[in-house]
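Notebook open. I want to look up the pocket, the core and the aromatic rings, one by one.

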Amino acid sequence: MIVDAHLHFELKNPEEIETFRKFSHKNEICYLFSVLNFDFASIISKISDKRFFCFSGIPPFFLDENLQNLEKLIEQNKNLGISEIGLDKNSKFDISHQLEFFSAQLKLAFKYKRPFVLHCVGKWNLMLENLKKFDWEEAKIPFLAHKFYSSREVLNEILRLGGYVSFNEIEFSFNIKKLQELIELTPLDKLFLETDVFFNDEITLKILEAHKIKLKKFYEKIAEIKKIDSYELEKILFENYKIFVDNLKFNAKK
């Protein structure tokens, strides 16, 4: 079983959605994907299962959405995670506005016991300060720092809080030396890998197969760094993934 820990999914055609879901089962791939549109997220969550797992939230670059609508979405969909939320120095919104939305979504995650995915660019100290206001480990709420690219000190802080860290396939190709060091420092039981691709056009089996090949090659590269077999890495990361989904209530058949 292989896991893509972060990608985006904005397909509207029911047939394409079903093609995607069937492909995940047939090829033993787990997708942890973010959906920005709340109406679409509600539809997808109703067919989600433990291999096709939907998150939705308000990221720092789209703060026009209503927090009350997000809470309603979470209340109505018991298998929905919250993603991606956080802080970004490049956002058009000022940091106080970003903090308002980030803090509110952390409270929702804690209130409804939902896993969540973090997005952070250039604001890690402020993000960690807000994360530390909650005891995530005690509450048994897993969270993931996606597309991680920061210092070893920040990495250690995330791990101390009980968080997981995901490394991005494209980012790795541009920053091999630094990310290799961070990957070496990340325990296997806290590690994820991701592509962060956007599926928002026509989906074909050819496209899905190409994505699968790209993901497997990334696993092989990371397995070399961690000095283990690629298949063993897949098994360990699947166990990490199960921590995010096993306590949620899924409507669709497995």
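Which strand supplies the largest share of the lining of the largest pocket? I looked it up: β5 does, with three residues.

**Ground rules.** This is a predicted model, so I note that local features need pLDDT of at least 70, side-chain atom pairs count only at pLDDT 80 or more, and totals for chains, interfaces and linings use all residues. Residues are numbered from 1 along each chain as its sequence is written, and side-chain values use heavy atoms, without hydrogens and water.

**Pocket.** A pocket here is an open set of points on a 1 Å grid over the protein atoms alone, where a 1.4 Å probe fits, with protein on both sides within 12 Å along at least five of seven lines; lining residues have an atom within 4 Å of a point. The largest one has a volume of about 280 Å³, meaning the space filled by probe spheres set on the points, which are joined across faces, edges and corners. I found 18 lining residues. E84, H119, H146, K147 and D196 lie nearest the centre. β4 (81-88) and β5 (116-121) each give at least two lining residues. Strands are DSSP runs of E, at least two residues; helices are runs of H or I, at least four; both are numbered from the N terminus.

**Core.** The core holds 89 residues. F9, F20, F116, L131 and F148 touch the most other members. Helix α10 (residues 205-226) gives the largest share, seven residues. I then followed L131: beyond four places in sequence, its contacts (heavy atoms within 4.5 Å) are F102, L106, F116, L118, W136, F143 and L161.

**Rings.** I searched the whole structure and got 23 aromatic pairs. Phe, Tyr and Trp rings (six-membered ring for Trp) pair if their centres lie within 6.5 Å; planes under 30 degrees apart are stacked, over 60 edge-to-face, the rest tilted. F110 and W136 are edge-to-face, at 5.7 Å centre to centre and 75° between the planes. Why note this pair? F110 is in helix α4 (residues 95-112) and W136 in helix α6 (residues 136-139), so the pair ties together parts 26 residues apart in sequence.

Are these two residues buried or exposed? Buried means under 20% relative accessible area, exposed over 50%, partly exposed in between (1.4 Å probe, protein chains only). W136 is buried at 2%; F110 is partly exposed at 28%.

Note on methods. Core = buried A, V, L, I, M, F, W, Y, C linked by side-chain atoms within 4.5 Å.
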